[in-house]
Number of protein chains: 2
Amino acid sequence: MYSRRVDTAERLIESTRELLWERGYIGTSPKSILARAGAGQGSMYHHFKGKADLARIAIDRTARELRAEVDRLFAGPGTAVERITAYLRRERDVLKGCPIGGLTQDSDVIADPELRRPIEETFQCLRDSLAGVLTEGRDNGEFDPSLDPTDTASTIVAVLQGGYVLARGANDAAQFDHAVTGILALLDHARVRQ
Amino acid sequence: MYSRRVDTAERLIESTRELLWERGYIGTSPKSILARAGAGQGSMYHHFKGKADLARIAIDRTARELRAEVDRLFAGPGTAVERITAYLRRERDVLKGCPIGGLTQDSDVIADPELRRPIEETFQCLRDSLAGVLTEGRDNGEFDPSLDPTDTASTIVAVLQGGYVLARGANDAAQFDHAVTGILALLDHARVRQ
DNA sequence: GTCTATATACAGATAGAC
DNA sequence: GTCTATCTGTATATAGAC
């Protein structure tokens, strides 16, 4: 039987995940991680090689969680438009930004292939899921045959990520919603009418 | 007659602009600014109150430049789609990211109204320009009357900002182009055919 | 495993000489 | 106006006691 108390390594990883989301990689110090986890220097360097190692594990976990949620949401029922709408309109803390997309602005993350890879894989996963749904929709007559599923999927992911950027820039979550409303309206124009 | 040699304050501002673009606000130290400008501590604190003051002036200038270019590009001739295409396809160093949009990920920037304001104003300016062009296009019959110019403008700015995010995440500028191609195709579906 | 002590370098700013 | 010296605190990591 495992201890009911969450162990120190686990608390360090979770604290790192929160801080990476709030402050980015450059802005997250080992000291702040230790303070949040309630641990001492020794614990961190016992369980992990250092800041980069801990960050890699934290980012990996966040990316895996996001991909799992994408898989779950797109596996559901509904037309292409319905599933895309559900994904774009799903509840989220817009002003916190995307825990994965936000890291792309961090030059130390982008420069380190170990840190960047989970980000790339997450975008790839999301794009693939969207492209799959769009292809389905096109092939069963929901969309105009001229619609390109992969380019359109890229556009939808970009609207999502750009929506976070606009919202944070204006300190107003509604900016995200406007961008989503706009892309859904445009997608509607690409639908085949009977 | 002014000295031909660019003065120290000017070099400090330009160095700060570059570093903010490359490393963000948190990641830019006074030391790195001084090294790039070839100046000593004393010069910086003589001309500016400190890092935040210098950053504010640098961000203001970058934002103003961007807005001026937006005004210039949208004042040109052409249909709505042509002008929007020209803006989205204009040459840019995609992998460096947007010098304004990238700052939205920086929590210290977003938390300081003085630093955030020029970002908000720049997005507002871009959205207004796009909305103006889209309204024109809708009113002269280029677009379907059901097209909402302001939501669509938000979407286009989001695609732009999100395109940078995707490109940096994949370390591949083509990701930006895919997203742009997708939104232009969707806009085409909203056009009125004769 | 976890703690505290310690080490080197840098962040960010001030003081005062020239 | 610009420089160097100096200051307090933090970043990141290692050492070694318990």
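Contact here denotes heavy atoms within 4.5 Å. The structure is a predicted model in which local features need pLDDT of at least 70 and side-chain atom pairs count only at pLDDT 80 or more, whereas totals for chains, interfaces and linings use all residues. Residues are numbered from 1 along each chain as its sequence is written, chains are lettered from A and ligands numbered from 1 in the order in which they are written, and side-chain values use heavy atoms, with hydrogens and water left out.

**View 1. Packing of helix α2 in chain A.**
The buried residues of α2(A), which covers residues 30–37, are Ile33(A), Leu34(A) and Ala37(A). Buried means under 20% relative accessible area and exposed over 50%, with partly exposed in between (1.4 Å probe, protein chains only). Seen down the axis of α2(A), these buried residues fall within an arc of 95°, so they line one face of the helix; the arc is that of the directions from the helix axis to the C-beta atoms. They pack against α1 (8–23), α3 (41–47) and α4 (51–74) of chain A. On the other side of α2(A), Lys31(A) and Ala35(A) are exposed. Gly38(A), with a positive phi near 65°, follows the helix. Helices (H or I, at least four residues) and strands (E, at least two) are DSSP runs, numbered from the N terminus.

**View 2. Chain A as a whole.**
Chain A contains nine helices and zero strands. Its C-alpha trace spans about 65 × 45 × 30 Å along the principal axes. Of its 194 residues, 53% count as buried. Among contacts in chain A between residues at least 6 apart in sequence, 67% join residues at least 24 apart.

**View 3**
A salt bridge is a side-chain nitrogen of Lys or Arg within 4 Å of a carboxyl oxygen of Asp or Glu. In chain A, Arg72(A) forms a salt bridge with Glu69(A), the closest N and O atoms being 4.0 Å apart. Both residues lie in α4 of chain A, three residues apart, about one turn of the helix. An α-helix has 3.6 residues a turn, so residues three or four places apart point the same way. Arg72(A) is exposed at 54% relative accessibility, and Glu69(A) is partly exposed at 26%. In chain B, the side chains of Arg72(B) and Glu69(B) meet in a salt bridge of 4.0 Å, N to O. These two residues are three apart in α4 (residues 51–75) of chain B, and are thus separated by about one helical turn. Arg72(B) counts as exposed, with 56% relative accessible area, while Glu69(B) is partly exposed at 26%.

**View 3. Further salt bridges.**
Over all chains, a search of the whole structure finds 38 salt bridges. One network of salt bridges links Lys49(A), Asp53(A), Arg56(A), Asp60(A), Glu114(A) and Arg117(A). The side chains of Arg138(B) and Asp139(B) meet in a salt bridge of 3.4 Å, N to O. Arg138(B) is partly exposed at 27% relative accessibility, and Asp139(B) is exposed at 57%.

A residue is near a molecule or strand if one of its heavy atoms lies within 4 Å of it. Of the 16 residues around DNA strand D, Pro30(A), Gln41(A), Gly40(B), Gly42(B) and His47(B) come nearest. Sugar and phosphate make up 64% of the atoms of DNA strand D that come within 4 Å of the protein. An N or O atom in the side chain of Gln41(A) is 2.4 Å from a base nitrogen of DNA strand D. Phosphate oxygens of DNA strand D lie 3.0 Å from a polar side-chain atom of Tyr45(A) and 2.6 Å from one of His47(B).

**View 4. Surroundings of DNA strand C.**
Thr8(A), Gly40(A), Gly42(A), His47(A) and Gln41(B) come nearest among the 16 residues around DNA strand C. Of the atoms of DNA strand C that come within 4 Å of the protein, sugar and phosphate account for 65%. The side chain of Thr8(A) has an N or O atom 2.8 Å from a phosphate oxygen of DNA strand C. A base nitrogen of DNA strand C is 2.5 Å from an N or O atom in the side chain of Gln41(B). The largest share of the surface near DNA strand C, five residues, comes from α3(A).

Terms used. Polar contact = N/O pair within 3.5 Å; in protein donor to acceptor, adjacent residues only side chain to side chain.
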